[in-house]
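Have a look at the sequence and the fold, then follow the points below.

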Amino acid sequence: MESDKQHFRHISLFYYRKGKNAVQARKELTDVNGEGVLTVRQCQNWFAKFRSGNFDVEDAPRSGRPVEADKDAIKASVDANRRITREIGLRLNLSNSTVYDHLKGLRLSSKLHVWVPHVLTEKNLCRRIDICDSLLKRHENDPFLKRITTGDNKWVVYNNVKRKRSWSKKDEPAQTISKADIHQKKLSV
């Protein structure tokens with residue numbers, strides 16, 4: 001693509017030196033190469049550069065060009081800790097948007113961790129199933145659930161740590177993080 005642009009600029013320079021104007025040069029180019037190769041405005045801009053004495057047909061370097069980043073270093077940083085983005089930018093001297101674009105290019109997406117109440121061991125899981133099963137059997141014989149009344153008190157957990165974002169592959173589920181001691185600090189409202 002870039003070599004095509006340079007090629008058309010060389011041809012424009014040729015037509016400029018032959019004494020043609022920008023519209024005539026563009027018409028010659030589109031007759032041979034098709035309609036979408038160069039606009040009249042682009043051709044006029046190049047002819048203005050040629051008139052000012054600048055015959056360089058290559059693009060000048062610009063500050064807004066994409067930054068080259070080491071994708072392997074970014075991937076290694078994410079593999080080491082999936083929750084960092086700003087730290088990668090600081091460590092590799094890149095902007096956050098550049099890091100974000102490269103992470104997207106690695107087919108990673110930002111996901112919130114999924115909270116689970118706490119980590120269940122095999123023993124705790126079996127105990128929960130047994131208790132639920134016994135309560136259901138008890139309710140069949142004596143429907144005690146209809147007799148339960150609630151009071152005025154409402155328990156509110158006020159020590160909820162916010163979930164964090166991490167980078168995962170698009171087809172992977174979000175990571176699960178256990179919420180330690182969820183019922184440790186409560187208030188009676």
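A residue counts as buried when its relative accessible area is under 20%, as exposed when that area is over 50%, and as partly exposed in between. Please keep in mind that this is a predicted model.

1. Let's begin with helix α7, which spans residues 122-141. Lys 137 has a relative accessibility of 49%, so this residue is partly exposed, lying between the 20% and 50% limits. Asp 133 falls in the partly exposed class too, because its relative accessible area is 37%.

2. These two residues are also partners: Asp 133 and Lys 137 form a salt bridge, and their closest N and O atoms lie 3.4 Å apart. Within helix α7 they are 4 residues apart, which means that about one helical turn separates them.

3. How many salt bridges are there by the rule used here? The count is 4. In general, side chains of opposite charge can pair when their charged atoms come close.

4. Now turn to helix α2, residues 22-33. Here Lys 27 and Asp 31 join their side chains in a salt bridge, with 3.2 Å from N to O. This pair is 4 residues apart in the helix, so about one helical turn lies between Asp 31 and Lys 27. Asp 31 is exposed, at 53% relative accessibility.

5. Another salt bridge links Arg 26 with Glu 35, where the closest N and O atoms are 2.8 Å apart. Are these two partners buried or exposed? Arg 26 is buried, because its relative accessibility is 16%. Glu 35, on the other hand, is exposed, with a relative accessible area of 56%.

6. Two packed helices are described by the angle between their axes and the distance between the axes. Helix α3 covers residues 40-51, and its axis comes within 9 Å of the axis of α2, the two crossing at roughly 125 degrees. That angle makes α2 oblique to α3. As for handedness, the crossing of α2 past α3 is right-handed.

Methods. Residues numbered from 1 in each chain as written. Predicted model: local features only at pLDDT ≥ 70, side-chain atom pairs only at ≥ 80, totals over all residues. Heavy atoms only, no water. Buried < 20%, exposed > 50% of the residue type's maximum accessible area, 1.4 Å probe, protein only. Axes fitted to C-alpha atoms, helices over the stretch in contact; angles between N-to-C directions. Parallel < 35°, antiparallel > 145°, perpendicular 65-115°, else oblique. Left-handed = near helix turned anticlockwise from the far one by under 90°.
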